[in-house]
Amino acid sequence: MNKVYPDASTALAGLLKDGMMIMAGGFGLCGIPDALIQAIRDSGVKNLTVVSNNAGIDGVGLGMLLDTKQIKKMISSYVGENKTFAQQYLAGELEIEFNPQGTLAERIRAGGAGIPAFYTKTGVGTLIAEGKEVKEFDGEKYLMERGLFADLAIVHAWKGDTAGNLIYRKTARNFNPMMATAAKVTVAEVEHLVPAGELNPDHIHTPGIFVKRIVNVGTSKKRIEFRNTRPRTAA
């Protein structure tokens with residue numbers, strides 16, 4: 001089975017439909033599947049529910065899909081750096097399901113493990129608990145959260161092989177490995193593609209069984225969300 005596709009648009013061919021749920025890896029601009037997001041934008045698919053820790057920044061990453069109003073709902077943890085996101089939410093054009101970051105990570109992990117729901121103390125007694133089941137264990141209250149399982153997961157890896165095995169680099173690992181397990185179809189973009197068998201099995205983060213399609217996008221410019229510097233003292 002050939003998993004390698006020539007470009008991002010081809011890798012997504014036949015997978016996109018209006019109203020679907022997509023998981024998008026990354027944290028801020030770190031480890032985002034930028035080429036696949038651009039291909040989704042160019043496809044024109046709309047009314048999407050997107051699961052992502054945040055929506056990047058204006059005009060970059062998922063910000064591109066907000067600009068074109070292709071996203072109907074975001075399931076996220078933090079969205080404070082995107083002005084378009086805020087404007088659309090305040091105007092009633094975008095639905096948001098906020099999650100504590102650890103809860104979001106566990107919802108994705110649970111979905112990938114086939115666990116439909118779990119209990120957590122996080123959010124008990126807050127707005128997060130509204131409309132959700134609360135149960136007592138050993139004298140403590142816990143909130144029930146549902147696992148998440150998407151129609152499509154798009155992830156970015158540093159290196160992959162033709163069998164779909166993936167290695168993420170440093171903090172770019174973030175949400176990518178969990179999301180790769182939690183969808184009907186996972187499509188990966190990689191910076192370096194090597195023949196099957198070249199990766200050290202002990203270094204693989206995502207086994208190829210989870211990845212249905214893969215595209216080599218090469219190394220692109222690494223954007224920095226914030227650059228904080230201090231003036232140097234004169235020599």
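Two strands pair if DSSP finds at least two bridges between them. The legends below describe a predicted model.

**View 1. Strand β7 pairs with strand β8.** β8 covers residues 140-146. The two strands run antiparallel, and 4 bridges join them.

**View 2. An open sheet is built from 3 strands.** The order is β6-β8-β7, with antiparallel pairing. At the edges are β6 (117-120) and β7 (134-137). Each edge strand pairs on one side only. On average, neighbouring strands here are turned by 40° against each other, direction ignored.

**View 3. Helix α5 lies across β6 and β8.** The helix spans residues 101-112. Its course makes an angle of about 155° to β6.

**View 4. Strands β4 and β5 pair in the parallel sense.** β4 holds residues 71-76, and β5 holds residues 95-98. Their pairing extends over 4 bridges. Met-74 has Ile-96 in β5 as its bridge partner. Between β4 and β5 the chain passes through helix α4, residues 83-90. This β-α-β crossover is right-handed.

**View 5. Thr-49 sits in strand β3.** The strand runs over residues 48-51. Thr-49 has a relative accessible area of 15%. Buried means under 20%, so Thr-49 counts as buried.

Technical notes. Residues numbered from 1 in each chain as written. Predicted model: local features only at pLDDT ≥ 70, side-chain atom pairs only at ≥ 80, totals over all residues. Heavy atoms only, no water. Axes fitted to C-alpha atoms, helices over the stretch in contact; angles between N-to-C directions. Contact = heavy atoms within 4.5 Å. Right-handed = clockwise from strand over helix to strand, strands pointing away. Buried < 20%, exposed > 50% of the residue type's maximum accessible area, 1.4 Å probe, protein only.
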